[in-house]
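Please look over the sequence and structure before the notes.

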Amino acid sequence: MDNLFYSRGKLKEYADAFRRLINVYGDGSQTALSLQLKETAAMLERIAGDSGEQTLGIISEEQKNELYDYLRAENINVAGILILEPAKGRLELVMRLSKKRGCITAGQLADNIGRIIGRRLRAAQGSRRVLTKDEGEFIFEEMTNYRILFGHAECSRGFARISGDNYSYMNIEGGKSIVSLADGMGCGSAANEDSTRFIELLELFLEAGFSEESALWLINDVFADNDSDGSPVTLDMCSINEYEGKADFFKMGAVPSFIKSRDGMVRVVEASSLPAGVISGSIIDHESVELKDGDYIIMMSDGVLDALPFYDKEKHMKELIEGIEERMPQAIAERILSEVYFYDEKIADDMTVLVTGIWRIRNGE
């Protein structure tokens, strides 16, 4: 463990150096450079933990010894173990392992290691799935308290082949699911290129470990500073914490989102900020919502709402969602789009509906 303490100490030093650079080059303001320096420092601090002793304290000395006894008994060679805390109080193990003979699945390893340290573990995305004689990296994370199901329905303007809408559903560290919907201004290939570029950049920053808000700040500035044709993109993003059952909505020029509860009541999440790429450093609308077991998060592009021939489109959409009896996210998304077709059979604009359902995991599930 001495090497682990040493590594954590060096990471903390590097993080402090990046924070000092913010004052030198970032001038303490919310510039693209200062945000990059700030996020790099934050990522190093997350890897290092607030302190080596505190993070290592997640696993007791007794549990650590029992873990090594188990690995030796299974003829598993350990090249390295890194203990992380991706979210407060949550454990992640990164292990480089090989097995002298035979093989064992990552799922079996997760169950056995979890019982030893008293945590419900699972093999994370990106982890090797089978342990053999070839050394590989295995990542074990705590099971979340909620599970997510995702559905979508879409149609391009005039039933064209190319839509200006693009969406993304991804999982990131810390037990988060990110649902994003980007709508390029106009329609066709130009709008598709803008929204595709936005989604790709967003995924890149989030996978690299940037926070949701910082990633949006940076992409907004990239679009504002480099797009000479002045083609902004609206962005609707929802970050769902599957440990806590909380949703954070980030909106840049996007239409409202809707949350439907198990009892059928619908809440509207409003927006008021400018689309991405209009002004550098523009404000990003952000609202946090506590979710409940059986809630559905419904996001849509403006073409869906605009198709409704009513003065108060949000009110009518709210009533439409309240009347839907389907329970599966995919079926709900398809039902919303089919209801909208009734009012706009020619499809005057690109339409996309994203539905995310969240359910609490019961013991034994």
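Helix 2 gives the most to the lining of the largest pocket, with 3 residues. The model is predicted: local features need pLDDT of at least 70, side-chain atom pairs count only at pLDDT 80 or more, and totals for chains, interfaces and linings use all residues. Residues are numbered from 1 along each chain as its sequence is written, and side-chain values use heavy atoms, without hydrogens and water.

**Largest pocket**
- The volume of the largest pocket is about 860 Å³.
- Its lining counts 33 residues, and Asn-171, Ile-172, Glu-173, Gly-174 and Gly-175 lie nearest the centre.
- Elements that each supply at least two lining residues include helix 2 (32-48), strand 8 (165-172) and helix 6 (188-207).
- By class, the lining has 13 charged, 12 nonpolar and 8 polar residues.
- A pocket is an open set of points on a 1 Å grid over the protein atoms alone, where a 1.4 Å probe fits, with protein on both sides within 12 Å along at least five of seven lines; lining residues have an atom within 4 Å of a point.

**Exposed phenylalanine**
- Phe-342 sits in the loop between helix 10 (329-341) and strand 16 (351-360).
- Phe-342 counts as exposed because its relative accessibility is 64%; the cut-off for exposed is over 50%, for buried under 20%, with partly exposed in between (1.4 Å probe, protein chains only).

**Positive phi**
- Asn-75 is not a glycine, yet has a positive phi of about 60 degrees.
- Asn-75 falls in the loop between helix 4 (61-73) and strand 1 (76-84).
- At 21% relative accessibility, Asn-75 counts as partly exposed.
- Helices (H or I, at least four residues) and strands (E, at least two) are DSSP runs, numbered from the N terminus.

Technical notes. Points joined across faces, edges and corners; volume = space filled by probe spheres on them. Nonpolar A, V, L, I, M, F, W, Y, C, P; charged D, E, K, R; others polar.
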